[in-house]
Amino acid sequence: MNKKLVIAPSPHIHGSDTTSRLMRDVLIALIPAFAVSVIVFGINSLVITAVAVGACVLFEYIIQKFLLKGPNTIVNLSAVLTGVLLAFNMPPHIPLWIVIIGALVAIGVGKISFGGLGANPFNPALVGRVFLLISFPVQMTTYPSPAPDAMSGATPLAFVKEALKSGRSVSDIMPDLISYQDMFIGFKGGSLGEIAAAALILGFIYLLWRRVITWHIPVVIVLTMGIFSGILHLAAPESYIGPLFHILNGGTLLGAIYMATDYVTSPMVRKGMVIYAIGIGIITILIRVFGAYPEGMSFAILIMNAVVPLLNKYVKPKRFGEVIQN
């Protein structure tokens with residue numbers, strides 16, 4: 001009778017993934033986009049990213065050590081990733097004190113006030129970004145032009161929105177826009193991390209290869225935006241610009257690949273992911289086309305973050321062994 005039956009609570013299956021490994025992979029996937037931002041916008045990209053990361057790590061350390069007096073979690077790299085994503089949502093000429101305020105809101109309000117990593121219902125970097133967008137709209141929407149002889153200019157999304165609002169047609173606007181090739185490689189105005197679609201897609205491929213994320217949320221968001229904007233364009237081609245423009249501009253790929261897929265704030269099952277992604281795509285186009293802001297991805301993700309608990313509760317697979325009543 002030397003054999004004992006040991007009963008232990010779940011989980012009974014363990015994987016090799018750790019929080020720090022997942023965060024590190026996402027940071028690696030963002031390197032191409034960061035490199036393009038440095039090439040296009042210069043040293044400002046490096047400085048803003050460094051300040052955002054440093055402030056996020058510092059605020060998390062201070063709050064946990066002196067206010068919560070609990071274990072410190074800065075070693076898991078989640079604060080570093082929050083800082084990078086926050087910086088990637090900033091214009092290249094943003095004052096550094098605004099970056100620090102955004103970091104405080106992202107960590108203190110968006111993350112730790114809800115209980116820290118794993119308990120926050122909203123993406124912390126987007127909480128910081130939206131707070132800054134509402135509080136400092138001028139600074140957060142003033143973008144430098146990548147052209148060397150221009151100091152500032154509107155993003156392609158803002159330019160098109162204002163042009164259509166003034167009564168111009170799509171065919172009249174198109175000659176004034178940069179080419180789709182430039183949009184793809186990153187030669188355009190915008191936030192640090194959103195300008196290079198090619199670099200963001202390269203990081204997406206890496207994350208799929210490393211199995212950090214699945215394709216469902218990013219692909220469904222892009223497809224939803226493409227279908228919705230395509231229907232509008234087909235219905236009134238001179239009033240609504242085509243789907244490729246929406247996909248290559250703004251925070252579409254940055255949000256769809258790196259922010260909407262956050263483990264904590266996205267659904268746990270694939271059916272829920274699809275519903276969540278469709279909602280983000282629809283809301284983004286609604287805001288871009290009919291709302292006051294030329295961009296809508298940040299607001300769309302935060303709105304659907306709030307819906308995730310309902311999706312996790314009501315959209316889930318049947319329990320193993322459940323008897324189906326006929």
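Colleague: What should I know before I start?

Modeller: The model is predicted, so local features need pLDDT of at least 70 and side-chain atom pairs count only at pLDDT 80 or more, while totals for chains, interfaces and linings use all residues. Residues are numbered from 1 along each chain as its sequence is written, and side-chain values use heavy atoms, with hydrogens and water left out.

Colleague: How do I describe two packed helices?

Modeller: Two packed helices are described by the angle between their axes and the distance between the axes. Helices are DSSP runs (H or I, at least four residues), numbered from the N terminus. Axes are lines fitted to C-alpha atoms over the stretch in contact, with angles from 0 to 180 degrees between N-to-C directions.

Colleague: At what angle do α6 and α16 pack?

Modeller: Helix α6 (residues 124–135) and helix α16 (residues 297–314) pack at about 130°, with axes 10 Å apart. That makes α6 oblique to α16; angles under 35 degrees count as roughly parallel, over 145 as roughly antiparallel, 65 to 115 as roughly perpendicular and the rest as oblique.

Colleague: Which residues make the contact?

Modeller: Contact means heavy atoms within 4.5 Å. From α6 come Leu 126, Val 127, Arg 129, Val 130 and Leu 133, and from α16 come Ser 298, Phe 299, Ile 301 and Leu 302.

Colleague: Is Ser 298 buried or exposed?

Modeller: Ser 298 is buried, at 4% relative accessibility (buried means under 20% relative accessible area, exposed over 50%, partly exposed in between, with a 1.4 Å probe and protein chains only). Its side chain makes a polar contact with the side chain of Arg 129, at 3.1 Å. A polar contact is a pair of N or O atoms within 3.5 Å; within protein, one must be able to donate a hydrogen and the other to accept it, and residues adjacent in sequence count only if both atoms are side-chain atoms.

Colleague: How do α2 and α3 cross?

Modeller: The axes of helix α2 (residues 31–41) and helix α3 (residues 43–67) come within 6 Å and cross at roughly 130°. The two are therefore oblique to each other. Phe 34, Ser 37, Val 38 and Phe 41 in α2 meet Ile 43, Asn 44, Ser 45, Leu 46 and Thr 49 in α3.

Colleague: Where does Met 225 lie?

Modeller: Met 225 lies in helix α12 (residues 216–235) and is buried, with a relative accessible area of 0%. Not counting residues up to four places away in sequence, Met 225 touches residues including His 246, Ile 285 and Met 297.
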